[in-house]
Amino acid sequence: MEKVKVWFDQEGDYLEIVFESKAGYFKETHDDRVMEKVDQDGNVIGFSIMNVSSVGKEPLKVELIRKSA
C-alpha cells in the first residue's frame, strides 16, 4: 500500500502533496504557482501549489511527468 502525504498551510495559502518520502528538491514548472518535487534521478515524487486560493480564479493546468525506470 502506498501512502500519499498531503499538507496544507492555510495561513501561508500553500498545499504540498508527496507521493514518495525520500530526498529530493523542488523545481519550477511553467506555472509560477506550482513546483514539482523530484528525486536525484529526476523522478517526480510530489508537487506543491502556492497561493492555493487563486486556483479557483485562474485555471491551473500543469503536467508532471515521471521518468521511466
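I looked up Asn51 and found that its place is in the segment after E5; helices (H or I, at least four residues) and strands (E, at least two) are DSSP runs, numbered from the N terminus. The phi of Asn51 is near 55°, a positive value in a residue other than glycine. I also noted that Asn51 is partly exposed, with a relative accessible area of 43%. My cut-offs for that word: buried is under 20% relative accessible area, exposed is over 50%, and partly exposed lies in between (1.4 Å probe, protein chains only).

Before going on, a reminder to myself: this is a predicted model, where local features need pLDDT of at least 70 and side-chain atom pairs count only at pLDDT 80 or more, while totals for chains, interfaces and linings use all residues. Residues are numbered from 1 along each chain as its sequence is written, and side-chain values use heavy atoms, with hydrogens and water left out.

**Another positive phi**

Asp13 has a phi near 55°, again a positive value in a residue other than glycine. I placed Asp13 in the loop between strand E1 (5–9) and E2. Is Asp13 buried or exposed? At 16% relative accessibility, Asp13 counts as buried.

**The fold in outline**

I counted 0 helices and 5 strands in the chain, and the pattern along the sequence reads β-β-β-β-β. The chain has 69 residues, of which 35% count as buried. For contacts (heavy atoms within 4.5 Å), I took the pairs at least 6 apart in sequence, and 36% of those join residues at least 24 apart. The chain exposes about 5400 Å², with carbon and sulfur atoms supplying 51% of that area. Accessible areas here come from the Shrake-Rupley method with a 1.4 Å probe; for residues, only the protein chains shown count as cover.

**The core**

Which residues make up the largest nonpolar core? I found 5 residues in all: Leu15, Ile17, Val34, Phe47 and Ile49. A nonpolar core is a set of buried Ala, Val, Leu, Ile, Met, Phe, Trp, Tyr and Cys residues joined through side-chain atoms within 4.5 Å. Strand E2 (14–18) and strand E5 (44–50) are the elements that give two or more residues to this core. I then listed the neighbours of Val34, leaving out residues up to four places away in sequence: Val34 touches Glu28, Thr29, Ser48, Ile49, Leu60 and Val62.

**Aromatic pairs**

How many aromatic pairs does the structure hold? I found 2, using rings of Phe, Tyr and Trp (its six-membered ring) with centres within 6.5 Å; planes under 30 degrees apart count as stacked, over 60 as edge-to-face and the rest as tilted. The rings of Trp7 and Tyr14 have centres 5.7 Å apart and planes at 65°, so I logged the pair as edge-to-face. Trp7 is partly exposed, at 48% relative accessible area. The rings of Phe19 and Phe47 have centres 6.1 Å apart and planes at 50°, so this pair is tilted. The pair links distant parts of the chain, with Phe19 in the loop between E2 and E3 and Phe47 in strand E5, 28 residues apart. Phe47 is buried at 18% relative accessible area, whereas Phe19 counts as partly exposed at 33%.
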